[in-house]
Amino acid sequence: MSRVPVVLAGARGHGRWHVANIRRLERAGLVRLAGICELTPLTEQEAGGELPEQSADFGALLDSTGARIAVVCTPIPTHTDLALTAARRGVHLLLEKPPAPSYAEFRRMADGVAEAGVACQVGFQSLGSHAVPAIRALIADGAIGDVTGVGGAGAWVRDEAYFRRAPWAGRRRLDGADVIDGALTNPLAHAVATALALGGTDRAEDVAGIETELGHANDIEADDTSCVRITTTRGHRVTVAATLCAERADEPYVLVHGTSGRITFWYKQDRVLLQRAGHGPEEYVHGRTDLLENLVDHLTTGAALLVPPDGTGAFMKVVEAIRRAPDPEPLPDGAWHRVPGESRRVVPGIDGLVAAAADTLSLYSELGAPWAPRTEQPLKEVSTR
């Protein structure tokens, strides 16, 4: 089998991970790094080997390399146009998350890709974990009774330089275009998407309403300490709390609540803890399928895509609710402090609040956080267009 030619758009920042991953699959004989699209060409060291063709013109690079797959890891506002540039050329896609900064842009991308007849995989790597189907099977078998809700918790540490890593970092808009680079929509977006997926509510039509509480301790436009609660058409709630101002960094997780037990999934570790009535705790560690490898498999053997665009529709409804919400409010000075010598801001007590939100499916304001900005943005109508 000949190796599938791949072009990578955006090879610095998080794109470095994609360079390494493409090289890994190249060594396995599955793909060939045919081109890199960057404004400033990479060095051989940055490219992890012999330099492929490079150009700042994405469309021209796709044409000259004969790429069959494009990996798009560029600033959020560019995702839709680059995806459609590839789709019009019949090039299949691995599109980084979040797939778009608004629901309208998401639909423009997804509809354009479908019309072109190309495959598109959205880069929620956690949904490639074998724990996801395993947890769904436990739920279907009644291991924890009926699902009553799903919580998600992400307590991360980011210094102030993180929000200066790129012109669009920490922004809601840039030069008139939506960015929506908040804690829930970008760095901890996996918590939202995974919580929705485990509850069987990953499509846009599965969402009945959304409430948001968005704030920031850092000097940014977007949110760095926020929570969201989604009411699903199945009748249960999905609450995800996140912060980039934790006292201590912790592994993010999703918690599935049932009438007779609960399942905790540490999605970066592929680790699952099952706790249920009448049994001792059971812990499992699962494998994971790489999303680019799955896309190659889809093209060569017809394997099902793990994260097609429609499977991220509910997540994009959350992005849209956050986009439509009032701009996040700065937390009052007394609600946060700087860590000496670390150039980062901490919200005291936020670690416990994040965990409590996932545990009780409550918003920060309902947990008594005096600084919690209530910016409820219920969706009264869910459109899938």
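In what order do the six strands of the open sheet stand? The order is β3-β2-β1-β4-β5-β6, with parallel pairing.

## Basis

The model is predicted: local features need pLDDT of at least 70 and side-chain atom pairs count only at pLDDT 80 or more, while totals for chains, interfaces and linings use all residues. Residues are numbered from 1 along each chain as its sequence is written, and side-chain values use heavy atoms, with hydrogens and water left out.

## Sheet

Strands are DSSP runs of E with at least two residues, and helices are runs of H or I with at least four, both numbered from the N terminus. Two strands pair if DSSP finds at least two bridges between them. β3 (53-55) and β6 (120-122) are the edge strands, each with a single partner, so one side of each has no neighbour in the sheet.

β5 (residues 92-95) runs parallel to β6 and is joined to β6 by three bridges. Leu95 has Val122 in β6 as its bridge partner.

## Largest pocket

A pocket is an open set of points on a 1 Å grid over the protein atoms alone, where a 1.4 Å probe fits, with protein on both sides within 12 Å along at least five of seven lines; lining residues have an atom within 4 Å of a point. The largest pocket has 37 lining residues, and Gly13, His14, Gly15, Cys73 and Glu96 are the closest to its centre. Both α1 (15-27) and α4 (79-88) supply at least two residues of this lining.

## Second largest pocket

Here 14 residues form the lining, with Leu127, Arg136, Asp202, Leu306 and Val307 the closest to the centre. Helix α6 (residues 131-140) gives the most, three residues.
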